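Dear colleague,

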Amino acid sequence: MLAKALTAVVTAAAAFSQLGQAQTTPADEKWAAAYEKANTALARLSQNEKIGIVSGVGWGKGACVGNTGSAGSINYPSLCLQDGPLGLRHARSVTAFAPAIQAASTWDVELIRQRGQYMGEEAKGIGVHVLLGPVAGALGKIPAAGRNWEAFGPDPYLTGIAMIETIEGIQSAGVQACAKHYILNEQERNRETMSSSVDDRTMHELYLWPFADSVKANVASVMCSYNKINGTWACESQSAMQKLLKDELGFPGYVVSDWNAQHTTAGSANGGMDMTMPGSDFDGRNILWGPQLQSAVQQNAVSAARLDDMVRRVLASWYYLGQDSGYPQVNMNANVQGNHKENARAVARDGIVLLKNDGNLLPLKKPAKIAVIGSSTVVNSDGLNACPDRGCNKGALAMGWGSGTVDLTYLVAPHEAIKARADKEGIQVSHSPSDDGGAGAQAAQGADIAFVFVTADSGEGYIEVEGHGGDRNHLDPWHDGNRLVQQVAAANPNTIVVVHSVGPILLESILQNTGVKGIVWAGLPGQENGNALVDVLFGDTNPNGKLPYTIGKRAEDWGAAVVNGDDNFREGLYIDYRHFDKQSIEPRYEFGFGLSYTTFEYSDISVSSTATPGPATGTLKPGGPEDLYEIVATITATITNSGEVDGAEVAQLYVTYPSSAPETPPKQLRGFQKLKLKAGEAGEATFNVRRKDISFWDVGQQKWVVPEGEFKVAVGASSRDLRLDGAFTVA
């Protein structure tokens, strides 16, 4: 039956010739079974029901941010689609998980997967069918871009692995994940009018890469973005939605529009979009599907086969996740938190990156008095959720702002957590809950150590905060943080700066102060802000986070910035550390960097490979040709905790392509493993390299190709701290 069902799907897709391209549904038994059910259901649907399944009911007209029509003939409910990438927006009793960028800072696949699982469990508990996340775009080529914090950072390999773990975690709970925003949505300024133009190779090797991993993870849905792609709206781009996503990557799910990102009726349908959200613009007008789609089908502007393909994809994803049986009703008031704060704290904690620790001031060694300084050390005095969608930079920072946020049920601020711990240990705490440098200096005087807190915020472009229209206007700390640090450091020679930020900030001014002995990059921690920090400052946890992006010395160092008009992606393959390496720019703190309270030694590298040159030619499966994901090389190395403190090290593998390949970045991340090691203990890091990981996109052949020659490999503690070298030859 499954084979027959799959044949029927492929035949039906091939018959759909509106786009002139046959869609191949991969031979996966679970998808085949879902498609079999979808085909059976499709035959029972009326035309009106089909239209309803793919059309939102309109902005503000349902229980969720997105709602479709129901279909009584098959017991199909109004589908509930809800933000977002760190938890359930507009719900009352949910967990504010640490944002994705903090999850990436952990480099811990188990924590990342658990985070996804818990988000999925909360979504199902509330009755949400589709959780609008995780985010693979913006990839993050622009350090100041407003929504980078919703995603996993500018390395496609790291982001791809994080997307796989998060999607599989969410969908293990029976909830549809939605990979977004597809694609080239790299800034907030002019996002609804600009065109992003990128060459084919860069598209594949950077921006499409994590979406391919998402499809490999069987993601149920993908959200097309606001921007144009090479001059065509993303939600009308046949090249992006049909050719790349459905044909090349074998995506069997459906494409849903970003909210109000649709521009035409027939153009979006024929381009490959399968569902429109929310069904109208935000004023309740401009309805492009619903009755308009009905008319387009009747007039043959959109074929009946195309409509059936849309419906089949939506239904297949619903069946694939088992949502046709016993799914809860929507209840935004349900308390679904469970024990999930444990993951929120663990990700916030293990995502903390220790950048500087002169004199081993940390962990704290029972000082008599410490100072805690800065407006972000306390909860917003106006109220926990006083700012809609967190659209302000006031009080302790948990997340950026916009549709990717949640309402906080609680927020543990730094001073609250530090004071509670200090009281237990008999440590006196002086406190200045403002960004006034004079008050901060006064609080710092006489303290053994002064902690000064600075922040940088960003978010979605529909909210402007302190003159920042989504994207940041600069890379300095907000609220004159540099001056605050200067005055505190002048008053106390043992000043430690704690940074809560959506992304890189410039630290040069801060580092010029001789009194600054430490920098704790606490990132974007979610609801467990203060507790996570206390775990590291007091030594309960050895810091083990690593930077998921580069921190440069000047804003110009990254080679990419927010643009006013269209973006031609002139930097090509060279973003973040790839750009720094290519241009021989010394970063302040490199991609993958992070200190520890212990030390780690690297030894005994071993390299083996079975790779052969040439293109991937395997059977199409979700994610692309099946052989792209075969393991073709294995690199191992011994990591030893050579210090006196238990800890964890993220060993990283970087690969350099042979000279026979077209111009390629000097090195690229192609593996990582976090090893938890007791003092004196050794462990083996194993990096399994997929065929894709040593391929380049051959524009002429339109295939992934492994080049001939010697591949160099390096294993180390960061992209600039490579301890072991090896090589293998492909011939």
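The S-S bond between Cys387 and Cys392 has a torsion of about 85°, so this disulfide is right-handed. Please note that the model is a predicted one. The sulfur atoms of Cys387 and Cys392 lie 2.1 Å apart. Cys387 counts as buried at 14% relative accessibility, and Cys392 counts as buried at 18%.

In total, the count comes to three disulfides. Numbering the bonded cysteines along the chain gives the pattern 1-2, 3-4, 5-6.

Another of these bonds is formed by Cys224 and Cys235, with a sulfur separation of 2.1 Å. The torsion about this S-S bond is about 105°, so the disulfide of Cys224 and Cys235 is right-handed. The pair links distant parts of the chain, 11 residues apart: Cys224 belongs to strand S6 (residues 221–224), while Cys235 sits in the loop between strand S8 (232–233) and helix H9 (238–248). Cys224 and Cys235 are both buried.

The disulfide between Cys64 and Cys80 has an S to S distance of 2.0 Å. Its torsion is about -100°, so the bond is left-handed. Cys64 is located in the loop between helix H3 (47–54) and strand S1 (66–67), and Cys80 in strand S2 (residues 80–83), so the bond ties together parts that are 16 residues apart in sequence. Cys64 is buried, with a relative accessible area of 8%; Cys80 is likewise buried, at 1% relative accessibility.

Cys178 is buried, with a relative accessible area of 0%.

I turn next to the sheet. Three strands make up an open sheet in the order S16-S20-S23, with antiparallel pairing. Strand S16 (600–609) and strand S23 (682–690) are the edge strands; each has a single partner strand, so one side of each is left without a neighbour in the sheet. From one strand to the next, the twist averages 20°. S16 and strand S20 (residues 631–641) run antiparallel and are joined by eight bridges. Within this part of the sheet, Glu601 stands opposite Thr640 in S20.

Yours sincerely

Key
Residues numbered from 1 in each chain as written. Predicted model: local features only at pLDDT ≥ 70, side-chain atom pairs only at ≥ 80, totals over all residues. Heavy atoms only, no water. Pairing = 2+ DSSP bridges. Helix = DSSP H or I, 4+ residues; strand = E, 2+ residues; numbered from the N terminus. Axes fitted to C-alpha atoms, helices over the stretch in contact; angles between N-to-C directions. Disulfide = S-S within 2.5 Å. Buried < 20%, exposed > 50% of the residue type's maximum accessible area, 1.4 Å probe, protein only.
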